[in-house]
Amino acid sequence: MIKKFNCLTLGILLSIQPTFSLPKPYDPDELGRVNVLSQALKIDPSYMLFLAEDFEGERPWSFYRPDSFLAHTEFGGNLSGNDAFLAEGNLLKQVGYSQFQNQTSFLIQSFVENPRLDHWEIRPKEPIHFPLGMPIQAIVWVYSEGHHINLSMALSQKKSKDILFDFGLLNFVGWRRLELPLTLPKENTRLIQSQSFPVAFKSFFLKTRASQKRGAFHLYFDNLSFVIDKRTFTYPGAEVMDTWGSRSK
């Protein structure tokens with residue numbers, strides 16, 4: 001059945017078309033982006049918002065083989081208070097996470113000794129498995145203090161090597177909602193479609209830029225979530241990712 005909606009809504013949804021292989025440029029209208037997501041979920045029930053991690057302390061996280069003498073993690077009370085953060089929390093409750101609460105975020109602390117070489121991997125105790133479907137968007141809230149440190153993440157899948165995606169440089173101050181379109185390689189898409197092997201979140205990666213100052217630094221993470229396309233892909237050419245809201249009508 002063809003879904004009807006006005007041209008303004010269609011234009012908004014088309015604006016979320018991903019830029020392949022590159023992180024999406026930061027959009028300062030964070031509340032607007034949350035509203036776009038809410039509209040997209042209502043228009044097409046094939047899409048779901050999956051809260052992979054709320055960082056409320058129930059799942060252990062830690063540095064994996066850190067090089068620095070300082071590798072500290074804890075769950076603390078530094079939370080974003082902006083309208084987009086609150087609206088996204090309400091959206092999560094609406095889509096099925098009725099017990100969702102924002103009480104803590106995830107703090108990491110480490111030390112930059114050699115800005116040209118230093119890097120870190122931060123993992124949950126076990127990979128976080130997604131519902132079966134195609135992940136097409138990643139969202140995470142990050143607090144930084146202008147660090148010249150790059151953030152990326154690894155997704156894992158049975159019978160496949162890890163898949164890396166880049167959120168970009170954390171050279172901002174305060175909390176920011178980072179949003180990243182995801183396009184899986186064809187072989188991973190086929191593993192989802194033909195063998196029902198879902199992907200899983202494996203880890204965050206941090207890598208310093210040469211311009212990063214030596215010394216201690218800290219970051220906070222909150223509300224890691226993904227948009228999942230739950231449709232089954234059985235038609236020819238289905239491995240080519242579709243943009244939510246922009247299919248032929």
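The points below are grouped by topic and describe a predicted model.

**Nonpolar cores**

- The largest nonpolar core has 51 residues, and the members that touch the most other members are M153, F201, F204, L206, F221 and F226.
- Strand β12 (residues 215-229) supplies the largest share of this core, with seven residues.
- Another core, of eight residues, lies apart from it and includes F85, W141, Y143 and W175.
- Leaving out residues up to four places away in sequence, M153 touches A138, I163, L164, F165, F167, L182, F201, S203, F204, F205 and F226.

**Aromatic rings**

- The count of aromatic pairs is 16.
- The W120 and F217 pair is edge-to-face, because the ring planes stand at 65 degrees, over the cut-off of 60, with the centres 5.0 Å apart.
- W120 belongs to strand β5 (residues 119-124) and F217 to strand β12, so this pair ties together parts that are 97 residues apart in sequence.
- W120 and F217 are both buried.
- A cluster linked by ring pairs is made up of F55, W61, F75, F106, F201, F204 and F221.

**Salt bridges**

- There are eight salt bridges in the count.
- One of them joins the side chains of E88 and R177, with an N to O distance of 2.6 Å.
- This pair links distant parts of the chain, since E88 is in helix α3 (residues 83-94) and R177 is in strand β10 (residues 173-181), 89 residues apart.
- Both E88 and R177 are buried.
- R177 also forms a salt bridge with E179, where the closest N and O atoms are 2.6 Å apart.
- D229 and R231 meet through their side chains in a salt bridge of 2.5 Å, N to O.
- D229, with a relative accessible area of 2%, is buried, and R231 is buried as well, at 18%.
- Salt bridges with shared partners join D27, R33, E88, R177 and E179 into one network.

Terms used:
Residues numbered from 1 in each chain as written. Predicted model: local features only at pLDDT ≥ 70, side-chain atom pairs only at ≥ 80, totals over all residues. Heavy atoms only, no water. Core = buried A, V, L, I, M, F, W, Y, C linked by side-chain atoms within 4.5 Å. Buried < 20%, exposed > 50% of the residue type's maximum accessible area, 1.4 Å probe, protein only. Helix = DSSP H or I, 4+ residues; strand = E, 2+ residues; numbered from the N terminus. Contact = heavy atoms within 4.5 Å. Phe/Tyr/Trp six-rings, centres within 6.5 Å; stacked < 30°, edge-to-face > 60°. Salt bridge = Lys/Arg side-chain N within 4 Å of Asp/Glu carboxyl O.
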